[in-house]
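Take a walk through this structure, chain by chain. Keep the sequence beside you as you read.

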Amino acid sequence: MDNLVIAGRSFRSRLMIGTGKFSSNRAMVSAMEASGCEIVTVALRRVDLANPQDSMLQHIDRNRYLLLPNTSGARDAEEAVRLARLARAAGCEPWVKLEVTPDPYHLLPDPVETLKAAEILVKEGFIVLPYMPADPVLAKRLEEAGTAAVMPLGAPIGTNRGLRTRDLLAIIIEQARIPVVVDAGLGAPSHAAEAMEMGADAVLVNTALADTPNPAGMSAAFAKGVQAGREAFLAGLGGQRNQAEASSPLTGFLRNEG
Amino acid sequence: MQLQINGEAVQAEDRIDVGRLLSRLELNPQLVVVELNRRILTPEDFSETALTQGDVLEIVQFVGGG
Amino acid sequence: MSFLQQLDNYPAAPLARRIASCSGTEIDTALACDRVGLEQFACLLAPRISDAQLEQLAARAHRLTTQRFGRTIQLYAPLYLSNECHNGCRYCGFSADNSLPRKTLNRQEIDREAGMLHEQEFRHILLLTGEAPEAAGIGYLESAIRQIRPMFGSIAIEVFPMESDEYQRMVAAGVDGLTLYQETYDRELYSELHPYGPKSDYDFRLTAPERAAAAGFRRVGIGSLLGLGDFLTDTFYTGLHALYLARRFWRTQVTIGFPRIKPAVGGYTPRTEISDRQLTQLICALRLLIPDAGLVLSTRESAELRNNLLPLGITQMSAGSCTAPGGYAGEDHQGEQFSISDHRSPQEFSQQVKSFGYEAVWKDWDCAFLNRAG
């Protein structure tokens, strides 16, 4: 069975779903169900005392989905660590999607604070999945710090622009000894398929599913894209043929051998 | 007495415990996380923890997020 | 997971069959792959490779090497400090079973040898010994390293495998490179060939490069002695080992050597004779598997072959070498580890390299950059 294994735990689905930005809890749940996912991210926010809403948690079957709380909103390592600890106190398993995004315009992850927070959280026993820029050296630093996976971005959050960071993702995938989950920027099932064809272990999608009139339909399509990409990768994609250079032969000397 | 909850000033009866405060606010203790003066409380602590003047609370819950 | 455990995932018999049975089409597919993984690497080692495919392989290796390394060859010189040895390696000139003049250089002799190399413009040095701790052990090495450090920008060692704390001492003394060939990854054959002495410990030797990398060596070199056993599986395991080191010790540069067994004083006959064509194929295949590894070719090989292999992936070469302690100053070559085939002087070599459009780099690194005491 070609399962995704993170921190020793096995998953059938390589598509993770983010639960943000959906128009309703119902839309969110229909997307989750149609995707076949087993891991969903959630965020932590202050309760609005004037208007305490129905908690979205009641709509997520904890037996079916692993909750992956993110630390969105954190602008530095200290805030991220605090959010992770809060999530843990809520009775979650100690999995955390580490997200430190001080820049409110593009929500790009801060590499320095992310590494700092990862080191602290790993020591506290968290299973850390850091959202990070597509930086191969940072990926190795995080791996060294003990994170359970790395989550490099394909393109800035919400832009749906696909694998803008393709070349660097390829290096990260080549060099990683832990799972690589491409997160952010995946706007179409073909983007997800492409990431999987490149050898990514999983993808995380949110905006593309929330921002459509048919979340369930789009979600099912993404699941197929992930599957197709993965199967192609396993089957062994042939590369493009490179033209041989028409310069003088490099191995001619061997044919003069007696 | 006055407390600070989620950045706002809130009046509450003296020595109220966290559990009673949550029900006064109509919040389900199983669905929220409480931080009191920067210390995270476990649900077991709620009824044991009495609040005093000037206490700072953060009450958070899970919401949708990517 | 240590490399020992990873090695168990690739048992030799099925691997050998896989390599031997690769078809022409599979080789074509491997050649066309953007990224060569282990599966493709096995095909690129296949005996069935045609001349045309070999040419394609060489062209790709050439392109990858010039992209990563430019048209440069880094020069180094081996400096044998001692040929005393307690091991009985069946194939080696220094074997304890062989009677040859044994020598360990003293301070003045080290000065003299090192001075000659320095005068020839070498700034990268490889220090070699056998395995005789009482004659040339850790303390001796530390002292030799500190002695010659002011003359050279980079010092590497090719000696006996060490413990972690011993490697740390080497790093502290000023060493930045390690070369340690596993000789063969075939356990059974390994114990046949190393019947006694400390070198008979296969595991200790296999895990030494990891210890060195963890201790802070900037470069770690591995390889198999081609001809001892099944050179195809040994080359595959070398590639596997190199990948393991490169991924786990990502700040460390991995290099691979291609020592091809030659006659030695003990009269050892290699089990297999590897042809120039096969050697070419191995070098190019490894280049495609690990585009960033350094590939090393010594003066064991003839001048002509070295000239031809220069553009196909090699990044480091020795020149004007002597494999006997004290050999640079003296005329006496009786205490050699193996005989040299390329007798060009370093300057001759450097000039010829230039005529091929390559630049010989004498100094690429200086440990003076490092923030270390001493």
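What covers the buried residues of α8(C)? The cover includes α6 (107-119), β2 (124-128), α7 (133-136), β3 (154-158) and α9 (164-173) of chain C. Some terms first. Buried means under 20% relative accessible area, exposed means over 50%, and partly exposed lies in between (1.4 Å probe, protein chains only). Helices (H or I, at least four residues) and strands (E, at least two) are DSSP runs, numbered from the N terminus.

This is a predicted model, in which local features need pLDDT of at least 70 and side-chain atom pairs count only at pLDDT 80 or more, while totals for chains, interfaces and linings use all residues. Residues are numbered from 1 along each chain as its sequence is written, chains are lettered from A and ligands numbered from 1 in the order in which they are written, and side-chain values use heavy atoms, with hydrogens and water left out.

Back to α8(C), which spans residues 138-148. Of its 11 residues, 8 are buried, so the helix is largely enclosed by the rest of the structure. Among the buried ones are C:Ile138, C:Tyr140, C:Leu141 and C:Glu142.

Now look further along chain C. C:Ser350 sits in helix α16 (residues 346-355) of chain C. Is C:Ser350 buried or exposed? C:Ser350 is buried, with a relative accessible area of 18%. Leaving aside residues up to four places away in sequence, C:Ser350 touches C:Ala360 and C:Trp362. Contact here means heavy atoms within 4.5 Å.

Next, see how the chains meet. Chain B and chain C do not touch, and their nearest C-alpha atoms are 30 Å apart.

Take chains A and B. Here 31 residues of chain A are in contact with 24 residues of chain B. The size of an interface is often given as the accessible area lost when the parts come together. Chain A and chain B bury about 2,500 Å² between them, with 64% of it on carbon and sulfur atoms. Buried area is the accessible area (1.4 Å probe) that two parts lose on being put together, summed over both.

How many salt bridges does the rule find across the interface of chain A and chain B? It finds 2. A salt bridge is a side-chain nitrogen of Lys or Arg within 4 Å of a carboxyl oxygen of Asp or Glu. A:Arg82 forms one with B:Glu35, their closest N and O atoms being 2.6 Å apart. On the side of chain A that touches chain B, the elements giving two or more residues are β4 (39-46) and α2 (77-89) of chain A.

Strands also meet across this boundary. β4(A) and strand β5 (residues 56-64) of chain B pair in the antiparallel sense over 5 bridges. Two strands pair if DSSP finds at least two bridges between them. A:Val42 stands opposite B:Gly64 in β5(B).

Now turn to chains C and A. The contact takes 26 residues from chain C and 26 residues from chain A. Chain C and chain A bury about 2,400 Å² between them, 54% of it on carbon and sulfur atoms. C:Arg35, C:Arg247 and C:Trp250 supply 29% of the area that chain C buries against chain A, more than any other three residues. The rule finds 3 salt bridges across the interface of chain C and chain A. A:Arg255 forms a salt bridge with C:Glu55, with the closest N and O atoms 4.0 Å apart.

Finish inside chain A. β4(A) and β5(A) pair in the parallel sense over 4 bridges. In β5(A), the bridge partner of A:Ile39 is A:Leu66. In a regular strand the side chains alternate between the two faces of the sheet. Strand β5 (residues 66-69) of chain A is covered on both faces: A:Leu66 and A:Leu68 on one side, and A:Leu67 and A:Pro69 on the other, are all buried.

Another sheet of chain A is open, with 3 strands in the order β6-β7-β8 and parallel pairing. β6 (95-98) and β8 (151-152) of chain A stand at the edges, each with a single partner strand, so one side of each is left without a neighbour in the sheet. β6(A) and strand β7 (residues 127-132) of chain A pair over 4 bridges. The bridge partner of A:Trp95 in β7(A) is A:Ile127.
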